[in-house]
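Q: I'd like to go through this model with you. Let's start with salt bridges, and please tell me how you define them.

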Amino acid sequence: MKLKRFYIYLMLAILIGFFLFPIFWMVGTSLKPGWAVIHDPPYLLPPEITFANFQEAIFGRGGPAIWNSVIVGLLSSSITVGISIPAAYSLSRLKPKWSNDFLLFLLSLRFLPPFVTAIGIFFVLQAFGVLNTYIGVAMAHVLLNVPIGVWLLKGFFDPLPKSIEESAIMDGCGRMTILRKILLPIAKPAILITFLFCFLFSWNEYIFASFTTSGATRTIPVVVSTFVGEPRGYAWGVMASYSVICIVPALMLALLMRKYALRAFTYGVVKG
Amino acid sequence: MKEKNLSKLLIVPVLLVILALAIFPMILTLVLSFCSWNLRTPRIGINFIGLGNYSTLLFGDTRFIGSLINTFSIAGSALILEFLIGLGAALLLSKKIRGKTYLVILLIIPMFVSPMMVGAITKLLFIERWGIFSHSLNLLTGGTVLTLSDPILAKLSLVFADVWQWTPLVFLILFSGIQTVPRTLYESSSIEGASDWQQFRYVTLHFLKPFIFLVILFRLVDLLKFIDPIWITTYGGPGTATETYAFYNYMLSFVHFRVGYAAAAAWLILPVCLSIYLILAKLIFRGRRL
């Protein structure tokens, strides 16, 4: 019996090691000086720790990307949550006949090949003159996140107690006031979680960000994509720093919102 | 205001966004797919060529067919590995283990990383001579393994990228599926003398079936869109060995700017995605009010 226990813990160790080692390697690379990154044989631990890579990442040519990612993330998440709340309220509380069809329609958007919409979106945004602006990327991300927003929020609204709302209706209170004054205050944590997941998806997104931004408005993933084919060790150290900067908020969110990870990544179809 | 009207009014903003940024662009892309238009040669302008793009793609474009083959080979390998490892992990973590919640947190971390960064990580791990994975391969084989310059190894590095990032999701889905199995079934089957394997086969697997379907469908459709990690890891190389369908489509749209042709390539894969979606929708909707 003891042997079985041992094997279980051994396999667990291998599993955890497999999923954590690459992150460890990335952090290590970001702290290595240029010559150590392209050293053969590779150093497991940085021979000397340097912050030059982070300095270049934050203050160099690609530095504004960090700020851009933050702005685009906040902007797109605010708009997404802003328009998803009424929709989720309608589906959860007013329960119209078409609510199932609407939810399934939203889900279908996730299954579209990206370029079927991407090429068209490029021209639409160009026509509105918002290419290379924050609002342009943000709207693209709004489109990507709205289905998740509505599904998540509806999933959060459904189990909230309806008794207060019902007595308010009987007292003649209007539906919109109920939404504002009764549901929203209780739903604050749910709204925050939805907001944070939308932020995360926008923060990590590459394809739509790549063709709606350039130069001054690039987001972090777009900047990192420019490190293609750089054989110089110093450049890779900087790339690793960008990756660490990109991963840190993601890690914090993973810690805080682990309970809802399953819901968010499967559009609320599977509830953890 | 009547409730019926209010319920419709409240979804108007969402509908507007979807109309303007999804439906309309899709129609635009569809129309473009029947034209030849190269944004790099604006003077030639748009020409209507009917199904010309589609026939070229299917019968005249070996690079396109190659990208499809690459997509299926990478996607297929990744899916099998993700399923096996994810299932194994889910079963493993269903045992009595101390600190289970912390382990789950650690395991789901890769899902939260940007796919582009996963590409960067994969590159750093696999690059010849300097990456620790290729270095280990060198030690094992005694020579110098050209990991990212070899078509098959390059594909495998991308399989690694996807497996690393998304096995945790497979794990999560199957793990929550295992939670739905009533404990008493295990106890009673043990009493009846069932072996571990028999319990797995007849109890666990039975309850896991819908979750397995779900996870395969979700991963399948995401793998068809596989592109982000490719940029830094191999940029479609060596040659076009790691060009997936989505990568080639991106090249056509935003690098070569042959938008008509790219639009056709995009719409060509739509029926596949749609069928996967319909199967999934049927699965989750079976009688359930969402």
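A: A salt bridge here is a side-chain nitrogen of Lys or Arg within 4 Å of a carboxyl oxygen of Asp or Glu. Bear in mind that the model is predicted, so local features need pLDDT of at least 70 and side-chain atom pairs pLDDT 80 or more, while totals for chains, interfaces and linings use all residues. Residues are numbered from 1 along each chain as its sequence is written, chains are lettered from A and ligands numbered from 1 in the order written, and side-chain values use heavy atoms, leaving out hydrogens and water.

Q: Good. How many salt bridges does that rule find across the interface of chain B and chain A?

A: Two of them cross between chain B and chain A. Over all chains, the count comes to nine.

Q: And which residue does B:Asp196 form a salt bridge with?

A: B:Asp196 pairs with A:Lys4, with their closest N and O atoms 3.7 Å apart. This pair crosses between chains, going from helix α10 of chain B to helix α1 (residues 2-31) of chain A. As for naming, helices are DSSP runs of H or I with at least four residues, numbered from the N terminus.

Q: Are those two ends buried or exposed?

A: B:Asp196 is exposed, at 53% relative accessible area, whereas A:Lys4 is partly exposed at 40%. The cut-offs are under 20% for buried and over 50% for exposed, with partly exposed in between (1.4 Å probe, protein chains only).

Q: Which side chain does B:Asp222 meet in a salt bridge?

A: That would be A:Arg110, at 3.3 Å from N to O. Both residues belong to a network of salt bridges that also links B:Glu82, B:Asp162, B:Arg219 and B:Lys225.

Q: Let's look at B:Arg219, then. Where is it found?

A: B:Arg219 sits in helix α10 (residues 196-224) of chain B. With 1% relative accessibility, B:Arg219 is buried. Its side chain meets that of B:Asp162 in a salt bridge of 2.9 Å, N to O. B:Asp162 belongs to helix α8 (residues 151-178) of chain B and B:Arg219 to helix α10, so the pair ties together parts 57 residues apart in sequence. B:Asp162 is buried as well, at 4%.

Q: What else does B:Arg219 touch?

A: Leaving out residues up to four places away in sequence, B:Arg219 touches B:Leu79, B:Glu82, B:Asp162, B:Trp166 and B:Val170. Contact means heavy atoms within 4.5 Å. The side chains of B:Arg219 and B:Glu82 are also joined by a polar contact of 3.0 Å. For that term, N or O atoms must be within 3.5 Å; within protein, one must be able to donate a hydrogen and the other to accept it, and residues adjacent in sequence count only if both atoms are side-chain atoms.

Q: What area is buried between chain B and chain A?

A: About 9100 Å², and carbon and sulfur atoms give 81% of that. Buried area is the accessible area (1.4 Å probe) the two parts lose on being put together, summed over both.

Q: New topic: α6(A). How many of its residues are buried?

A: 12 of the 14 are buried, so α6(A) is largely enclosed by the rest of the structure. Among the buried ones are A:Pro114, A:Phe115, A:Phe122, A:Phe123 and A:Leu125.

Q: What do those buried residues of α6(A) pack against?

A: They pack against α7 (134-157) and α10 (207-212) of chain A, together with α2 (12-33), α12 (245-255) and α13 (259-285) of chain B. Just after α6(A), A:Gly129 takes a positive phi of about 70°.

Q: Last one: which residues is A:Phe195 in contact with, leaving aside neighbours within four places in sequence?

A: A:Leu74, A:Ser77, A:Ser78 and A:Val81. A:Phe195 lies in helix α9 (residues 175-204) of chain A. The C-alpha atoms of A:Phe195 and A:Val81 are 6.2 Å apart, although the two residues are separated by 114 residues along the chain.

Technical notes
Helices (H or I, at least four residues) and strands (E, at least two) are DSSP runs, numbered from the N terminus.
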